[in-house]
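Look at the sequence and the structure below before reading on. The paragraphs that follow go through a helix, a metal site and some strands.

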Amino acid sequence: MAAREILVYPDDRLRQPTTEVTKFDDELKALVQDMFDTLKVADGIGLAAPQIGVSKKVVIIHIEEKDENNELLEEHRLVLINPKFLEKHGTTEYKEGCLSIPTFYETVQRAERVKLQAQDENGETHVYDADGLLAICMQHEYDHLEGHLFIDHISSLKRERIVKGLKKMRKDQQS
Ligand code: CO
C-alpha cells in the first residue's frame with residue numbers, strides 16, 4: 001500500500017493542464033493502485049492524478065451507497081483514463097467538497113445526467129451512463145484534469161472566503 005500526499009490548493013500543480021495517457025503499462029497500473037490507496041486513507045469518493053502531482057488524464061472513483069443500516073446498496077469503483085463527455089443533460093445542484101480544498105463545502109451546479117467515454121488501465125474503452133452522485137463526481141474529477149476546481153464554479157465572494165480560510169489553516173498548522 002502506497003498512499004501518496006494530496007496537494008492542497010493553491011498548489012500550482014492543481015492548475016496545470018494534463019496530458020493524455022498513451023502507455024497502458026505497469027507504471028500506469030501502479031499509479032492507479034496508489035490512487036486507490038490514497039483515496040481510501042483520505043476517505044474520499046474520487047481522486048484525479050494532478051491531486052498527487054501527476055499531470056496525466058487519470059481519475060479514479062469509489063462510491064459506496066449504503067442504506068440506513070449501513071448495508072451496501074450499490075458500489076461504483078471506476079478507473080477513468082482519458083475521459084471525454086459524449087453527452088450532458090439537465091442541471092442539478094450538490095454541496096461539493098474536494099480533498100485538495102479540505103473542510104470547505106459549497107453548492108455547485110452540474111449536469112444531472114452524463115454519458116462519459118473513458119479507457120480503463122488496460123486501455124479498453126468503456127461508455128458510462130451516469131446520474132446522481134456518480135455523474136457529479138465524474139464532472140468534479142474531470143475538472144481536475146483541466147486544472148479546474150469546484151471553487152471556480154461559485155461566486156467570487158464565497159471563493160475568497162475559502163481562500164482566506166485555507167490560508168488561516170496553513171498558518172495555524174505552522175505555528
Ligand atoms: Co476534487
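Helix α2 is mostly covered, with eleven of its 14 residues buried; buried means under 20% relative accessible area, exposed over 50% and partly exposed in between, using a 1.4 Å probe and protein chains only. This is a predicted model, in which local features need pLDDT of at least 70, side-chain atom pairs count only at pLDDT 80 or more, and totals for chains, interfaces and linings use all residues. Residues are numbered from 1 along each chain as its sequence is written, and side-chain values use heavy atoms, with hydrogens and water left out.

The helix α2 covers residues 132-145 and reaches 21 Å from its first C-alpha to its last, close to the 20 Å expected at 1.5 Å a residue. That expected span is 1.5 Å times one less than the number of residues. Helices (H or I, at least four residues) and strands (E, at least two) are DSSP runs, numbered from the N terminus. Among the buried residues of α2 are Leu134, Ile136, Met138, His140 and His144. Just after α2, glycine 147 has a positive phi of about 80°.

The cobalt ion is coordinated by Cys98 (SG), His140 (NE2) and His144 (NE2), at 2.1 to 2.3 Å. Donors here are N, O and S atoms within 2.8 Å of the metal (3.2 Å for Na, K and Ca); water is not among the atoms, so sites may look incomplete. Along the sequence, the donor residues follow the spacing C-x41-H-x3-H. Histidine 140 and histidine 144 are separated by about one helical turn because they lie four residues apart in helix α2. Histidine 140 counts as buried because its relative accessibility is 8%, and histidine 144 counts as buried because its value is 1%.

Now turn to the strands. Two strands pair if DSSP finds at least two bridges between them. Strand β6 (residues 113-119) pairs with strand β7 (residues 125-131) in the antiparallel sense over seven bridges, and valine 114 stands opposite alanine 130 in β7. These two strands, β6 and β7, form a hairpin with five residues between them, and glycine 123 in the turn has a positive phi of about 90°.

Strands β2 (residues 58-66) and β3 (residues 72-89) run antiparallel and are joined by nine bridges. They too form a hairpin with five residues between them, where asparagine 70 in the turn has a positive phi of about 65°. What links β3 to β6? Six bridges join these antiparallel strands, and histidine 89 stands opposite arginine 113 in β6.
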